[in-house]
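Please view the sequence and the structure first.

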Amino acid sequence: MKPQWPRLCSSPEQEANEQTVEEPEPQQEPVSVPAQAAKDPRGPRVDAHVDEPAQPSAEGAALTTLDRYYLAWMKYQDERGSEPSDEQLSAYCAQQGLLGRGNKPISTANLRRHFVRWRVYNVWADQRAHTTSPAHSDVAQACADRGITAQYKRPLTPAYIAEEAEDFERRWQVLTHHHA
């Protein structure tokens, strides 16, 4: 909600026009950054190469830029044994040829905002390997069990998982068919 500042000078017409303008509904802030890193080792997941050109899968979907960032994040962990900081991932992506605007390293803020989503995706993907539709409550509980939290260490909710489920499935399909 916008703060209401006193009007220093306004005409009755301006006030009438301003009163008829509807304020948009406040958007709920996505629960995404910063967050607690996972404490337990990751389970099995689907892998694809970071540096392969974007090619459509059997269903016609191609790796997105965010999929490539995710793959770099995973590759960094596989090579170094720990989750990178935003600065480390930006530098690593640059080494892999993944650059941002103006062929400069990807902004750390851009990368950092995806870390929770990628952690949750890994939990979801672990469950997706065993069922076609992981229960949102089960994924949320598995995240809690692994110490994966949202901003301010709030627990992830089934509603958050439900919001992300479509993109998680898309990524799952793209990465699964990308290696096929």
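Is Trp73 buried or exposed? In this predicted model, Trp73 is buried, because its relative accessible area is 1% and buried means under 20%.

## Two helices in contact

Helix α2 covers residues 65–80 and helix α5 covers residues 115–128. Their axes come within 11 Å and cross at roughly 75°, so α2 and α5 are roughly perpendicular to each other.

On the α2 side, the contact involves Leu66, Tyr69, Tyr70, Trp73 and Met74. These meet Phe115, Trp118, Arg119, Tyr121 and Asn122 of α5. Sorted by class, the contact of α2 with α5 has eight nonpolar residues, one polar and one charged.

## Aromatic pairs

The count of aromatic pairs comes to eleven. One of them joins Tyr70 and Trp118 in an edge-to-face arrangement, with 6.2 Å from centre to centre and 65° between the planes. Tyr70 belongs to helix α2 and Trp118 to helix α5, 48 residues apart in the chain. Both Tyr70 and Trp118 are buried.

Trp73 also pairs with Trp118; this pair is tilted, at 5.4 Å centre to centre and 45° between the planes. Trp73 lies in α2 and Trp118 in α5, so the pair ties together parts that are 45 residues apart in sequence. Trp118 counts as buried because its relative accessibility is 0%.

## The cluster and a charge over its rings

One aromatic cluster is formed by Tyr70, Trp73, Phe115, Trp118, Tyr121, Trp124, Phe168 and Trp172.

Arg171 lies over the face of Tyr70, 5.4 Å from the ring centre. The charged end of Arg171 also sits over the ring of Tyr121, at 5.4 Å from its centre.

Note on methods: Residues numbered from 1 in each chain as written. Predicted model: local features only at pLDDT ≥ 70, side-chain atom pairs only at ≥ 80, totals over all residues. Heavy atoms only, no water. Axes fitted to C-alpha atoms, helices over the stretch in contact; angles between N-to-C directions. Helix = DSSP H or I, 4+ residues; strand = E, 2+ residues; numbered from the N terminus. Parallel < 35°, antiparallel > 145°, perpendicular 65-115°, else oblique. Contact = heavy atoms within 4.5 Å. Nonpolar A, V, L, I, M, F, W, Y, C, P; charged D, E, K, R; others polar. Phe/Tyr/Trp six-rings, centres within 6.5 Å; stacked < 30°, edge-to-face > 60°. Buried < 20%, exposed > 50% of the residue type's maximum accessible area, 1.4 Å probe, protein only. Lys NZ or Arg CZ within 6 Å of the ring centre and 35° of its normal.
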